[in-house]
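User: I would like to learn how to read the features of a protein model, taking them one at a time. Could you guide me through this one?

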Amino acid sequence: MPMLAESARQLSAMLIVAALLLAGLVLGKDVLIPLATATIIAFMLSPIVRWLAAHSIPEGMAVAGVMTLGLAAAIALALLLSSEVLTLTAKLNDYRFNIAAKVHQVASFGRGDGVIKRASESIDRISEIIAREVKPDEIDAIASDGKKKEPVVIASKAPENGPIATMQNAVEPLTKAGLTLLFTLFLLLQFEDLRDRIVRVLGTDNLSETTSAMSDAGARLSRLFLAQGIMNAAYGIVVGIGLAIAGIPGALLWGLLAGLMRFVPFVGSIIAAVPPIMLAAGVAPGWGLVVFTAAFFAIGELAMGQFVEPHVLGHRVGLSPFAMIAATAMWTLVWGPMGLLLAAPLTMCLVVVGRYVPSLSFITVLLGDEDPLTPQQIVYQRLLAGDELGVVDELEEAAEELSIAKVTDEIVLPALALAAVDVRAERVEPDKVREIRETMALAAELFIDAPTQGEKNGDTSLDRVAVVGARGELDLAAAKYLALVIRARCGRPASSVGRSSGLTALADIIGQGTQSPPHAIVIVSTGGVSQRQMRLMARRVEQHLPDTRVMILGTDSVELDLRALSPGMSTPAASAKVMKVPNAASLFALLRTNVAQASPEIAAAPVN
């Protein structure tokens with residue numbers, strides 16, 4: 001109960017914080033929207049300011065020059081757009097006949113005995129039946145009188161907009177534009193001061209790493225936003241030129257709209273394409289210009305999404321598709337149309353900061369495009385689910401880039417080691433552990449299916465290898481997998497003791513007699529086996545099978561004093577029969593040689 005109460009308190013605190021944060025975003029949007037816009041613009045312009053400062057231009061002059069040029073470009077663009085809007089508005093009346101003709105053509109599909117007409121009539125009949133059941137008195141009154149009395153609505157006429165109302169409507173956007181300009185100016189002038197203050201807030205216990213993290217995050221966001229801004233501006237210029245050549249009025253306006261809407265993921269280009277397509281329907285009498293405009297936007301979006309963006313941005317965007325959709329919906333709900341434009345940049349800022357600030361790392365996990373689980377975690381998850389085909393798919397995908405030795409060392413054995421940690425913590429039931437072993441055995445047989453040349457020819461002269469699990473079901477699974485790999489990749493007849501582990505498995509091997517003992521015994525552990533137990537197993541082999549080499553492979557870095565394994569033997573050759581192998585790659589290198597002549601030097605050699 002105390003744990004439940006503590007969880008309830010934590011959940012309540014999180015919900016309260018989330019509610020306060022959401023309320024602050026809604027109530028303070030008049031200030032927060034200009035601040036967020038200024039932050040993104042500052043990230044875009046800061047690389048230019050730093051470049052000018054690096055070329056012996058004072059920082060204040062660099063900021064003033066960049067801001068002046070940017071403001072002049074914005075004013076010129078606003079004047080051009082105003083002219084475009086006025087010209088386009090004056091011409092709209094000339095397009096009404098072409099638009100009416102196309103609407104007439106589309107509406108003709110629903111006339112006569114067509115599918116649309118029948119569907120419409122069916123919906124009308126269903127609606128009438130539902131209305132008769134819900135409001136029978138009203139339907140009967142209409143049927144008897146032939147008409148229905150409409151309620152009288154008294155509406156007051158809104159006063160016409162006067163000079164004061166016009167000024168009020170103009171003051172708000174001008175105020176936001178002024179705030180944005182002011183915020184951008186001070187963000188560029190006091191960039192380092194603000195960075196130091198953020199570092200102070202995050203903590204000064206590890207000042208060097210925190211400062212480096214903030215600098216890296218700022219530089220990454222600056223490069224990202226600058227590259228995306230240039231790319232979207234180039235896209236808008238291409239769209240404007242293409243529409244102007246096609247004869248679409250207001251090409252400059254639609255080019256700017258296309259460039260801005262490129263910041264909106266998935267639906268931005270579609271929204272930007274709708275007005276030009278509708279305008280194309282009014283410019284030309286036929287459908288050719290409409291089809292051309294739609295195809296132009298479709299090809300442009302395909303080229304940007306599949307070729308230009310991956311080449312320019314690569315994987316630096318760092319947002320998953322779900323994050324894009326969720327962020328767009330949330331910011332649009334909170335801040336309206338400006339939230340739609342700012343959604344992706346703001347979410348990118350949160351994801352990048354989450355990579356450097358540990359307390360915000362959950363944002364990167366939830367919204368980033370990095371794999372949520374490592375390959376070994378994915379394999380362990382598939383093992384828990386009993387999905388041997390999923391395990392095989394993951395191993396085969398890894399084997400396309402890695403050797404079988406690296407797949408073993410980096411994925412298979414670490415996945416079983418993760419399972420061993422949960423078993424020791426009693427988070428996995430015994431029945432589930434047995435299921436994991438059986439799933440791993442089936443996956444290993446499907447993944448490693450190539451017999452060796454020695455097996456094909458029945459060659460018994462090769463050194464035989466026995467693989468023994470140190471303790472428990474998971475070590476048995478590792479032993480089964482290693483035996484299959486040794487047979488298929490090392491050219492050695494190998495087998496695993498599948499029913500028992502540890503000293504019991506060694507007793508089974510010893511009990512088979514000494515007429516044909518294995519040339520080598522590999523003892524594998526996925527974790528949790530003590531040095532004393534490993535030493536006891538190696539000593540048991542030395543006592544009963546003195547000519548058999550022992551190779552110990554452990555994922556938990558069991559440190560063995562090999563000199564203590566054979567206290568009764570004085571010759572170095574005897575103790576050299578026991579070898580601690582650092583990884584599976586070294587083990588396979590040893591087994592590809594003559595087992596009797598294998599040495600630690602061979603194990604230490606690099607293996608692909």
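Predicted model: local features only at pLDDT ≥ 70, side-chain atom pairs only at ≥ 80, totals over all residues.

User: What does the secondary structure of the protein chain come to?

Analyst: Helices (H or I, at least four residues) and strands (E, at least two) are DSSP runs, numbered from the N terminus, and here the protein chain has 26 helices and five strands.

User: How should I read the packing of α17 and α19?

Analyst: Two packed helices are described by the angle between their axes and the distance between the axes. Axes are lines fitted to C-alpha atoms, for helices over the stretch in contact, and angles run from 0 to 180 degrees between N-to-C directions. Helix α17 (residues 388-399) packs against helix α19 (residues 430-447) at about 45 degrees, with the axes 9 Å apart. That makes α17 oblique to α19, given that under 35 degrees counts as roughly parallel, over 145 as roughly antiparallel, 65 to 115 as roughly perpendicular and the rest as oblique.

User: Which residues of α17 and α19 meet?

Analyst: With contact taken as heavy atoms within 4.5 Å, E388, L389, V391, V392, L395, E396 and A399 in α17 meet T439, L442, A443, L446 and F447 in α19.

User: In what order do the strands of the sheet lie?

Analyst: Strands of a sheet pair through backbone hydrogen bonds, either parallel or antiparallel; two strands count as paired if DSSP finds at least two bridges between them. Here five strands form an open sheet in the order β2-β1-β3-β4-β5, with parallel pairing. Strands β2 (494-496) and β5 (578-581) stand at the edges, each with a single partner strand, so one side of each is left without a neighbour in the sheet. Five bridges join β1 (residues 465-469) to β3 (residues 520-525), and A466 stands opposite I521 in β3.

User: Which strands does helix α23 lie across?

Analyst: Helix α23 (residues 531-544) lies across β1, β3, β4 (549-554) and β5, running at about 170 degrees to β3.

User: Is S56 buried or exposed?

Analyst: S56 counts as exposed, at 72% relative accessibility, and is found in the loop between α2 (29-54) and α3 (59-91).

Conventions. Residues numbered from 1 in each chain as written. Heavy atoms only, no water. Buried < 20%, exposed > 50% of the residue type's maximum accessible area, 1.4 Å probe, protein only.
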